[in-house]
Amino acid sequence: YLRVEGVKAFAAVLERSSTLTTLDLYNCFVDAEGARALAAALEKNHSLTTLNLTLNNIRTEGGRALAAALERNVTLTTLDLGLNMIGVDGTRAMATALGTNRSLTTLNLYGNDVGDEGAEALATALSKNGTLTTLDLSSNIIGSTGAKALAAALQENRALTTFDLCYNHIRADGAAALAVALAKNNTMTTLNLSYDILGNEGMNALAPALEKNHT
């Protein structure tokens, strides 16, 4: 486990490095202060492509700092922030970053209390973003309201290929909205809705959409 001083030492190396491409700090007790240090380094680093911060404690403040870094960083392609409790406000900051970032292709936000409000913010970003191909929003208490917003974005998005929405609270009406999107979207290849509350009505809505979808 890393204390703040240890994370800051990593950040100092990252800031100067021109060769490091992957940094994995899974379950290292990185907090918001550590996330801020890493974010500052990301603004100057031009080599890192993968950053894994799964199962830490960066919370909203750390999420905001990393999002701000994404607006300036042009090399990071994979960011894993699963289980960090960034919440709605941290997710909104990430959505803002996705509006300008042109390098990130994979974003993992599972288990971050994104909720419907955070999903709506991400939907706005997805309707404009043309580089993100994989998005994990599993286990984020997203209901049908958030699913409907995301579905609307999928009708415009032409980049996302893999979308994980499992273990949320999406019901039949949310599934129906996603079905409409799938019938029109020609890039999505993987959509995970396992352990949602779709019911027979939701499944019946998705089935014909899958017949029309050719991806």
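Buried residues make up 52% of the 215 residues in the protein. Buried means under 20% relative accessible area, exposed means over 50%, and partly exposed lies in between, with a 1.4 Å probe and protein chains only.

A word on the source. This is a predicted model, where local features need pLDDT of at least 70 and side-chain atom pairs count only at pLDDT 80 or more, while totals for chains, interfaces and linings use all residues. Residues are numbered from 1 along each chain as its sequence is written, and side-chain values use heavy atoms, leaving out hydrogens and water.

Now the overall form. The C-alpha trace spans about 55 × 25 × 20 Å along its principal axes. The protein has eight helices and seven strands. These are DSSP runs, numbered from the N terminus: helices are H or I with at least four residues, strands are E with at least two.

Next, contacts, meaning heavy atoms within 4.5 Å. Take those between residues at least 6 apart in sequence: 88% join residues at least 24 apart.

Now zoom in. At what angle do helix α5 and helix α6 pack? About 0°, with their axes 8 Å apart. Axes are lines fitted to C-alpha atoms, for helices over the stretch in contact, and angles run from 0 to 180 degrees between N-to-C directions. So α5 is roughly parallel to α6; that label covers angles under 35 degrees.

Who meets whom? From α5, the residues include D116 and L126; their partners in α6 include S144 and A153.

Methods:
Angles under 35 degrees count as roughly parallel, over 145 as roughly antiparallel, 65 to 115 as roughly perpendicular and the rest as oblique.
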